[in-house]
Amino acid sequence: MSSEVRAPSPLESVRRLARFTAVMYKPHYLLYAIVFVLALEGTAALVSQPETPWRPSSATVPRIVVVALVLLYLRMVDEQKDLDYDRVHHPDRPLVTGEVSAGELRAAMGVLAVGAVGASLVLAAVSGVAIAAVLAYGLFLWAVERWSTAVRTGIVLNLVVTYPIQILMAGYVLISAIGTGEVAARWQAVAVVAVFAGAFLHFEFARKTARERRPGEHLYSNRLGVMGCVVAILGFADLAVAVDLVLVRPWERSGAQAVVAWIPVALLAIPVCGEWRFLRSNEPEHPVLPAVAFVFALYLALIAQAVVCTT
């Protein structure tokens, strides 16, 4: 007698997806969505229309919700496109263990996509188009990594192909904020993206660096070596701060504005101390905490700049 595998009921699928979200979408993803949108919108407002005081508006909240939904959507994409790799290196993940199925993830992605586009369309039609581009690029990456061994296994090439989705996400926030009036359509607003590119890549290299070469693992240190990664980690942090300084020009400010505008420079002590500690220790993996601390501290400093320097 053959046994038949019973398909989960809709309610059971919702519970399975909820458990997946609890495991794979930690609270720091939501926190990141909040500070990312506030920092990007605020900084772009500061450098594009400094004469207008910036404060989060009623349009800022939907942007945060949309970014949070898209981060979960992309998390689900990653779980499916990295399934073969995770079977070897992360066998405890929900999709690998069967705690959730690929079909359930795809159904949830459809719901998230509709919600993200719908919430964006409430702000402006161009916002809906911008976030749809982010969602589509996520699917494009899935297809590219499935069909291209070079992209799937080459860590640097993979970064070149996958990183533009971060630019598209930043572009969504800027386009949406321009559409609702918080940001002016000037080159300075576009240049702000470089600050966030530096911050993200600083973290990206820090989380994928190990002291010893590990064949088969997706680590930048396998390709660039430890010192190459250390240079990249520090260099991207410097890039983020340098672009912010050029745009905000703290040397032209005085009083509280000058103090707040110089804070990003002081924050460079975090990655410097992190790399000093790593190089002097015998830790097998690069510590991620200093990189996380730098990114969140920088974003909070950018929010403070936007509030104080546009007053």
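Me: Which residues line the second largest pocket?

Reply: This is a predicted model, in which local features need pLDDT of at least 70 and side-chain atom pairs count only at pLDDT 80 or more, while totals for chains, interfaces and linings use all residues. Residues are numbered from 1 along each chain as its sequence is written, and side-chain values use heavy atoms, with hydrogens and water left out. On a 1 Å grid over the protein atoms alone, a pocket is an open set of points with protein on both sides within 12 Å along at least five of seven lines, a cavity is a set where a 1.4 Å probe fits but cannot get out, and lining residues have an atom within 4 Å of a point. The second largest pocket is lined by Leu46, Val47, Pro50, Arg186, Trp187, Gln188, Val246, Leu247, Val248, Arg249, Glu252 and Arg253.

Me: Which element gives the largest share of the lining of the second largest pocket?

Reply: H2, helix H11 (187–191) and helix H13 (220–248) each supply at least two residues of this lining; helices are DSSP runs (H or I, at least four residues), numbered from the N terminus. The largest share, three residues, comes from H13.

Me: How many charged residues does the lining of the largest cavity have?

Reply: Tyr32, Phe36, Gln166 and Phe196 are among the residues that line the largest cavity. Asp, Glu, Lys and Arg count as charged; Ala, Val, Leu, Ile, Met, Phe, Trp, Tyr, Cys and Pro as nonpolar; and the others, Gly among them, as polar. By class, this lining has 10 nonpolar residues, one polar and, as to charged residues, none.

Me: Is Tyr172 buried or exposed?

Reply: Tyr172 lies in helix H10. Among the residues that Tyr172 touches, not counting residues up to four places away in sequence, are Arg63, Val67, Ser120 and Ile131, where contact means heavy atoms within 4.5 Å. Buried means under 20% relative accessible area and exposed over 50%, with partly exposed in between (1.4 Å probe, protein chains only). Because its relative accessible area is 0%, Tyr172 is buried.
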